[in-house]
Protein chains: 2
Amino acid sequence: MHMTASKTPPADPHPRITVLGGSAEGPAGLDRLAGLGDIRIATDEVSLRDALPGTEILLVTDFRTDALEAAWPAADRLQWVHAASAGVDQLMFDALIESDIPVTNAQGIFDRSIAEYVLGAILMFAKDTRNNIRYQQERRWVHRDTETVAGKRVLVAGAGSIGRRIGALCRAVDMHVTGIARRAREADDVFEAIHAADDLDTHLAEADYVVVAAPLTEATENWFDAGRFRAMAGHARFINIGRGPIVVTEDLVAALNDGEIAGAALDVFEQEPLPADHPLWGMDNVLMSAHMAGDFIGWREALIDQFIDNLARWQAGEPLFNRVSKKHGYAPGGG
Amino acid sequence: MHMTASKTPPADPHPRITVLGGSAEGPAGLDRLAGLGDIRIATDEVSLRDALPGTEILLVTDFRTDALEAAWPAADRLQWVHAASAGVDQLMFDALIESDIPVTNAQGIFDRSIAEYVLGAILMFAKDTRNNIRYQQERRWVHRDTETVAGKRVLVAGAGSIGRRIGALCRAVDMHVTGIARRAREADDVFEAIHAADDLDTHLAEADYVVVAAPLTEATENWFDAGRFRAMAGHARFINIGRGPIVVTEDLVAALNDGEIAGAALDVFEQEPLPADHPLWGMDNVLMSAHMAGDFIGWREALIDQFIDNLARWQAGEPLFNRVSKKHGYAPGGG
């Protein structure tokens, strides 16, 4: 796990750290880095190309940017890339994958808040809260009988750090929880069973709720298409807090319109922000949020603090935590 | 706990049972009673007055009716009143209280579904779901940071059967749970503390969520008034799944408008159905539902089955379960 590509000793007490983010001020909480290194800020390919020469550590705070791939030739002393995000899909370009520069991510930070978001979505569907709000707006008293969640079945596609926490929270409210991972694994204190991704279709039909908590990789791109939605129960709800391109959005819209599934809660989309004329906005059986399920109050500061913890390891010459498997595109063994 | 007012032997194998409900067909699931007695159905004071003579058991399926008090003189052989509801406030009239006719209720049936409703409301507030729905209707992508529920504080006013289940579910998702009961009790596996109702005001300020799960009695009528809302934290949310008259609605509306508290989720109201011109309908920081928090799919059948279980005890001459304390107006010692 030690870094082997260093031209300088790994324990540089004052490394040059470039922060690649969305704004010239850098993200909230960046002041926490003061004194820990020679800090530069880049916001796009051009400013990154200027900042990279001499940079030993790159902290990527904008998970959407593809500037690093474009500016890559300027990375002459880079020893470590930390993505302050759960997903690292934009960093999985060939030159970085093939290098021996380690990539770490923010595994763990968003688990709890995302799990709460998922449970909230499940309860909204079960209690028909959407219609409560509609009837309130119409000033109409309309009594209905609604569902309970106890005893219902959740299938979590992606049994990593986030998926496990979702499963744990669902199990805490007495739901049955099954996981889908690359390979089948033993049941544990969260998952009653963990099936292999290859067997997904045979388990979709049993689920009342299907939750996508997978990273975006070559294996998961377009994973949920028309065939998958057809395999689900007609009363089932689909929840995506992973990445938009894991789902073929057109097929999801069709499945919702045709009654192949009963509803969807979506925090991520193939295109973000979702264009104003997209049909999803107008669908009553869809709950939408702006890629924010994990973004609890204080998350930016928490991300910087997590990076600082890993920086202390780097400076001490210790193995970094949350190291991403470049082969698989995510940090393995979460939980 | 044995009945002592019987003019007939308690073990009548085919008792006359009158069902007092809202419709001439009686409630769903009533067919389950076939063969268990001589069944009559009453829907109002007039039909109840006709049905009561000779009736040994009265099953009240409409918790709103006050017909029994009016028709009371016709109850010549009544031995047992079962309320197929959690609240028995309409049955606590002097003649029935002073009689030695036992009253039982539906304690337990609605606990789980009401607890899920409360947790759903808490997660809606925390995740700002109401605004997600608004922005979706406006086709606007608006990212916000939102709250987590882990570590937040819930105060449950009413630590009976329903309040305990609410507490248990909140605790399962890592919230801190405190109860309010008539008298202070020891902490237990659900409540970190149970304070006496007399000390309510000193504990209101600490709560992020205040949940009313109390029965309507003389002691709880108008319990939550302007002073109580003033004692709550400005960011706190108020949830009422008990009974409407426990709250002074005018004071609640003022507290919400003046920012004394941040929001409310209301399933019960002083007047039901709530009139269409009531200000609550139009308030963005209020979530409303039509007295249905407990009404899971299948609840009517579950209520009849519970009555049948108690009827078997009655026919065997055994003590009835879920006996209501006429002094306090609810079945004590729920769990």
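Mentor: Begin with a definition: a salt bridge is a side-chain nitrogen of Lys or Arg within 4 Å of a carboxyl oxygen of Asp or Glu. Keep in mind that this is a predicted model.

Trainee: Which residues are linked with Arg112(A) in a network of salt bridges?

Mentor: The network has members in chain A and in chain B. Beside Arg112(A), they are Glu116(A), Lys127(B) and Asp174(B).

Trainee: How many salt bridges does a search of the whole structure find?

Mentor: That search runs over all chains, and the interface of chain A and chain B has six salt bridges. Over all chains, the count is 32.

Trainee: What area do chain A and chain B bury between them?

Mentor: The size of an interface is often given as the accessible area lost when the parts come together. Here 56 residues of chain A are in contact with 56 residues of chain B. Of the area buried, 61% is on carbon and sulfur atoms. The area that the two chains bury between them is about 4700 Å².

Trainee: Which three residues supply more than any other three of the area that chain A buries against chain B?

Mentor: Together these three give 19% of what chain A buries against chain B. They are Gln136(A), Arg139(A) and Trp141(A).

Trainee: Which element gives the most to the side of chain A that touches chain B?

Mentor: The rule finds 32 residue pairs in polar contact across this interface, both residues at pLDDT 80 or more. Elements of chain A that give two or more residues to this side are helix H4 (111-127), H5, helix H6 (161-172), strand E12 (286-288) and helix H10 (299-315). With nine residues, the element that gives the most is H4(A).

Trainee: How do the residues of that side of chain A divide into nonpolar, polar and charged?

Mentor: On the side of chain A that touches chain B, the division is 28 nonpolar, 13 polar and 15 charged.

Trainee: What covers the buried residues of H5(A)?

Mentor: The buried residues of this helix are Thr129(A), Arg130(A), Asn132(A), Ile133(A), Tyr135(A) and Gln136(A). Just after H5(A), Arg139(A) takes a positive phi of about 55°. The cover of the buried residues includes elements of both chains: H4 and E12 of chain A, with helix H4 (111-127), helix H5 (129-137) and strand E12 (286-288) of chain B.

Trainee: Is Arg237(A) buried or exposed?

Mentor: Arg237(A) forms a salt bridge with Glu147(A), the closest N and O atoms being 3.0 Å apart. The pair links distant parts of the chain, 90 residues apart: Arg237(A) is in strand E10 (residues 237-240), and Glu147(A) is in the loop between helix H5 (129-137) and strand E6 (153-157). Glu147(A), at 23% relative accessibility, counts as partly exposed. Buried means under 20%, and Arg237(A) has a relative accessible area of 12%, so Arg237(A) is buried.

Trainee: With which residue does Arg134(A) form a salt bridge?

Mentor: The closest N and O atoms of this pair are 3.4 Å apart. Arg134(A) counts as partly exposed, at 33% relative accessibility.

Trainee: Which residue does Arg64(A) meet in a salt bridge?

Mentor: Chain A is assigned domain 1 (16-109 + 297-315) and domain 2 (111-288), and the count between them is two salt bridges. The two domains bury about 600 Å² between them, and Arg64(A), Asp89(A) and Gly108(A) supply 55% of the area that domain 1 buries against domain 2. For Arg64(A), the closest N and O atoms of the bridge are 2.7 Å apart, and the partner is Glu272(A).

Trainee: How far apart are the centres of domain 1 and domain 2 of chain A?

Mentor: Eight residues of domain 1 are in contact with six residues of domain 2. Taken over C-alpha atoms, the separation of the centres is 31 Å.

Note on methods:
Residues are numbered from 1 along each chain as its sequence is written. Chains are lettered from A and ligands numbered from 1 in the order in which they are written. This is a predicted model: local features need pLDDT of at least 70, side-chain atom pairs count only at pLDDT 80 or more; totals for chains, interfaces and linings use all residues. Side-chain values use heavy atoms; hydrogens and water are left out. Buried means under 20% relative accessible area, exposed over 50%, partly exposed in between (1.4 Å probe, protein chains only). Helices (H or I, at least four residues) and strands (E, at least two) are DSSP runs, numbered from the N terminus. Domain bounds come from an automatic or database domain assignment. Contact means heavy atoms within 4.5 Å. Buried area is the accessible area (1.4 Å probe) that two parts lose on being put together, summed over both. A polar contact is a pair of N or O atoms within 3.5 Å; within protein, one must be able to donate a hydrogen and the other to accept it, and residues adjacent in sequence count only if both atoms are side-chain atoms. Ala, Val, Leu, Ile, Met, Phe, Trp, Tyr, Cys and Pro count as nonpolar, Asp, Glu, Lys and Arg as charged, and the others, Gly among them, as polar.
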